[in-house]
Structures are given as C-alpha cells and as structure tokens.
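Biologist: I am new to this structure. Please give me a close look at one thing: where its parts meet.

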Amino acid sequence: MKQKLARLGLNGRLALIAFTLGLIALFAGNPYQGSQVTLDAKELGIMVDRQVDHITVDELADWIIKGRSDYRLIDLRPENDFSTYHVPTAENVTVAGLTEYPIQRNEKIVLYSEGGIHSAQAWMLLKALKYRGVYILRGGLEEWRDRILFPNIPENPTPDQASLLETMKEVSRYFGGTPQARGQGKDSPASALTLPKLEMPSSGSPAVAGKKKKKEGC
Amino acid sequence: MSTLARILHLDKTHEVHIAHVAQPYWNPYLSGIGLGLVLLAAFVVMGRGLGASGAFSSLVATGLHAVAPDHTTSNEYFTEYIGDGTQHPLKDWLVFEVLGVFAGGFISGALANRIKPTVEKGPRISRRNRLLLAFLGGGIMGIGAKLARGCTSGQALTGGALLGVGSWAFMLAVFAGAYATAYFVRRQWT
Amino acid sequence: MNAPFYKYGLFQDEVSLVVAFVIGIGFGFFLERGGFGNGRKLAAQFYFTDMTVLKVMFTAIVTAMVGLYYLSVFGVVDLALVYVNPTYLLPQVLGGLILGIGFVIGGYCPGTSCVAVSTGRIDGLVYLLGIVGGIFVFGEAYPLVKGFYFSTPMGQITLPQLFNLPYGVLVFAVVAMALGAFAAAEWGEKKLGSRIVEN
C-alpha cells in the first residue's frame, strides 16, 4: 500500500484526496444547519434585564418623520390586521415566517405586535439565530395608538407641559391621528377610535425603496 | 531542492535563475486549488462568490452617467448600477475585487518574469486582425455575460461550486458555444 | 463560529471593500499562476491541445465545493447565507453560448482579461474595451430583451434540490466527474498535446 502511494505522483495523490473527501461526503449528511439553534441563556438574560433592546414609540415616530431608512420595521400581526392599519414603512411577516424572510443578520430590526408578547417571542428567536440588532417596540401597536395616533391631551395644560403637548399634537396629525382629551378616567379607550387610513401620512413618507440594489452576482 | 520547489515544477533546469527568463506556469491542479481556496475564503468571509463582469457594468454605467446623465437614468438596466446617489456607483464590492485581480495578476506575473508587452496569437494571423478579433470577442462576451447574469467567474466558478442549476447549465453552454466556434477561428490560434 | 462573517455583521461595508481587494489579489494571482493571462493557452482548450482551462476551473470548483460542504457540515458556515445566483434557465443557456463564442474569438473571459492586461497583453486590453462596448450595447438593448431576460425563472435552485438528492451525493458526483474529466484530459494531451508554455 505504502509503495503504491509512493509511486503515485502529486496529481495522483491530489486525486486520491479529492476522491476520499467526495466519498465521505456521501455519508456525511446535510450541510444546511436548518432551524436548530443554540443560545447563550445568560447573555440573553442580561439583555432582557437591562432593556437595551427597547425602542419607544416616540423614538420610532421620530425616525419615521425624519425618513431614516437604516432599519427594518417588522409587523408581526396577522395579514388582516396589517392591511387594516400598520405603522408606516412596516413590513408584514409572521413569526414562523421570520427565518425565511430576507433580512440580513447585520440589519437593524424593529419588531412590533399588538401588545408585546409576539415581538418578545420573535426577539428571542432572532437573537438565537444570531441576528445582531433586534429591537422591540415597547408597548406595541397599543402604545402607538395611545401615544402617537390618539394622544391624551389634557384640556387645561400647565404652561411647562404646553410645548411638549404641541409637539405631540403635531406628531399625531402627521400620522393621521387625532389628539384626544380623555381625562384620567380612560372611559373611552383609544382602541375604540377610528384608525387613520393607510395612505396617511401622504406627505413626507420616507422612501424605503430606491436604494441601490445589492448585486451579489457577477 | 525543497519539496515545494519540486511541487511547483521548478526542477533542475529552471533552478538556474537567469534574469528575465519567464518561469513556467504552475501545475494546473495546484493553481486550481489556490483559486478554489480564494473562492472558499470569499464564501466564508463574505457569503458570496467571485465575479468580474459586474464591475465592468458599474464602470460602463458610471461612465455613461457622466456623459449623458438623463439618458442613463432613463435606462432601467444602468440605473440599477447607478443606485439612488447615496453611494458612489464605483464604491462597489466587485469593482474593488477586480482592482485586486489586476494587482494580483501583476504580482504573480512579476514574480515569475512573465510581464511583457505582447499580443497573444497563432502564427497564421496578423497582429491587426488578432486585435480586431479580440475586440469583437470582447463585445460578444460582454453581451453574453450580461444576458447570462454573469461570466465565467461569477456563474461557472462561483455558481458551479454552489451547485446552482443555472450556473451548471451556463457552464455546459459556454463549452458548447466555444467548441462549436473553434473551427471557424482556427487560423487565429493554430 | 459565525460564518459568513459579513452576513453576521462582524464588519461593515467599508471593510468589505478592503476584503474585496485582498480576495481579488488572490484571485488574480492564481489565475496568472495557472497561465490564464495568456490568450493562446486559454484558447488551446478548444482545440484539445492544452486542457489547462478545464483542469484549473474544475479543480477550483471541486476545492471550493468540498471545502464549503465540510465547513457547513461542521457548523462553521451557515450555507443558507451564502448567496446563490437565481436561475433563469433560457437566458443563462443562450448567454452561455454567446459567451463561449466570444471566449474562443477573443481569447479571454472578463476575469482573465484583467490578468492579461496587468501582464502586458495588448490583445487583453483591446478585449477589455470590447467588453465595455458589449455591455453598453446590452444596456441600450435592455428594454427589448427584458422579457427574455426574466423568462424561465426557477429561483435560487441548486442541483440537490433539482434532482431531489442529498447534497453530499451531488458533491461526490461532481468530484467523480471532475476526476474522470482530468483523466481524459491527461490522456488527450499525451495523444494530441502540445502544452503551451511561456516563451
């Protein structure tokens, strides 16, 4: 055997190596990692405790108004709810569809759902799959309704509140909502109010499309 | 003599280094392994393969945009390479990779004394005709590469290693096209 | 390990351009080492006198394919994140035929012509100008060929998916096929060969 190997030239030896590796490949199994993942529980736990991955609705509203496009806004609700109303620039993906959805692991991802449970669960999934920048919209769409679309503006604001309230009103109108005076009793919850039409806001809507296509081919 | 030198076919006859004598090419299987490892590095580091013709598309689009901006932006194909203006169209992965190819080819050629201004051709064709055919062949290649969404590097090599269906079909077609045409241009090469 | 590194966000776009340049240097280096900066050597493939193109190309394919397969099996690389060109069958076959014709007429392909230029080949430079012209023509004609360009789409499909076979089986098949082709090439070169050497 050894003598035979010695008589084999360089090319023959390379061929032998290639053939052996090819042969092993027949039995070595599936190269795709699939959806099985491992995760660092402690690291994730610390991140949850510190709440470093929360985005407030105010921040999100600010980003949308400024037309920032360095993040992907993902709406995790069912398609029906999405087509009734969604936060401008959002993309509709279900939690199960997330792993198949074309988002790169280095992109900034903001998740929201109705309350926060789905986005928290999806956050865990994406973190385990080694997505880097995953954020949760705190309070979800409920908070978006209460604070951005239909903010509660008291009838007689104190002077130091006034400028903040003015901004809130402006933001609300920008997104097609209506500022409310509901008082403290919450007798008419915001969810009962009519949601703005989808084409709102018509002006200044940030253009997500039109970026240079990432051509990865030749 | 070291094993490495023997592997690289630098046997006794070539060991005497006379300046400006071109060294022979490497054993093709070793060159192939080197090329394969570079491709593998691209997969591991970038998650993408190699390419070449895409860089020239960026170049053509950029050049055209400088000369006739309106015309270029009205062309759907070139617009893709121009982008939305947030980034210079030549600030592109493939453009930098191809710049590296020029440099790498030069380094290898210089180390082996293989750099010399020349025209590669068979003995039965004039220089002028060879250059005409080179231009014609380049033009045909450009059209084919764009239609096929890639050239030998991006489709055959990269797609071949990734077992892409279209890339393998492409590769077979390239060999078919070339072998079918070889007879008609034999005076150029043999 | 988390590979492909770029897709896991381990470095940004600016750095990726440096990576591109370095990888390009390696690409160009080994192309030149194999003799791919020489149009005569490339064209000889199609007269069966020098089978270097086949040998280098298929060795590179086998090396990268086998390497990627094992790195994925061992969990180093997430294969699903490596970009596979989508298949548009008819345009790719026709494009391949046209490209093959251009290859034997011009003597180079886009990558090898860069190496030819940097080692002084004037025909390589003229060939590059030809490519620029060809791309211009294609771009201008794009509205006319757009329908065909997007015909027969099959998505990012791979041979294992097409034949419904395990990935490893295809890896073995390609290795076996390449080795068979190499054996045939060596035999053929001995019979008809006059290997093109640098002179």
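**Where the parts meet**

Modeller: Chain C and chain B bury about 10800 Å² between them, with 75% of it on carbon and sulfur atoms. Buried area here is the accessible area, taken with a 1.4 Å probe, that two parts lose on being put together, summed over both. The model is predicted, so local features need pLDDT of at least 70 and side-chain atom pairs count only at pLDDT 80 or more, while totals for chains, interfaces and linings use all residues. Residues are numbered from 1 along each chain as its sequence is written, chains are lettered from A and ligands numbered from 1 in the order in which they are written, and side-chain values use heavy atoms, without hydrogens or water.

Start with chain C and chain B. Here 122 residues of chain C touch 117 residues of chain B (contact means heavy atoms within 4.5 Å). C:Phe27, C:Arg33 and C:Ile105 supply 7% of the area that chain C buries against chain B, more than any other three residues.

Now the charged pairs. The interface of chain C and chain B has 6 salt bridges (a side-chain nitrogen of Lys or Arg within 4 Å of a carboxyl oxygen of Asp or Glu). One of them joins C:Glu32 to B:Arg114, at 2.8 Å from N to O. Helix H6 of chain C, residues 122–149, gives the largest share of the side that touches chain B: 20 residues (helices are DSSP runs of H or I, at least four residues, numbered from the N terminus). By class, that side of chain C has 78 nonpolar, 31 polar and 13 charged residues. Ala, Val, Leu, Ile, Met, Phe, Trp, Tyr, Cys and Pro count as nonpolar, Asp, Glu, Lys and Arg as charged, and the others, Gly among them, as polar.

Domain 1 of chain A brings 20 residues to the contact, and domain 2 of chain A brings 16 residues. The two domains of chain A bury about 1600 Å² between them, 67% of it on carbon and sulfur atoms. A:Ile65, A:Tyr85 and A:Glu143 supply 32% of the area that domain 1 buries against domain 2, more than any other three residues.

Between these domains of chain A there are 2 salt bridges. A:Asp58 forms a salt bridge with A:Arg147, where the closest N and O atoms are 2.9 Å apart.

Key. Helices (H or I, at least four residues) and strands (E, at least two) are DSSP runs, numbered from the N terminus.
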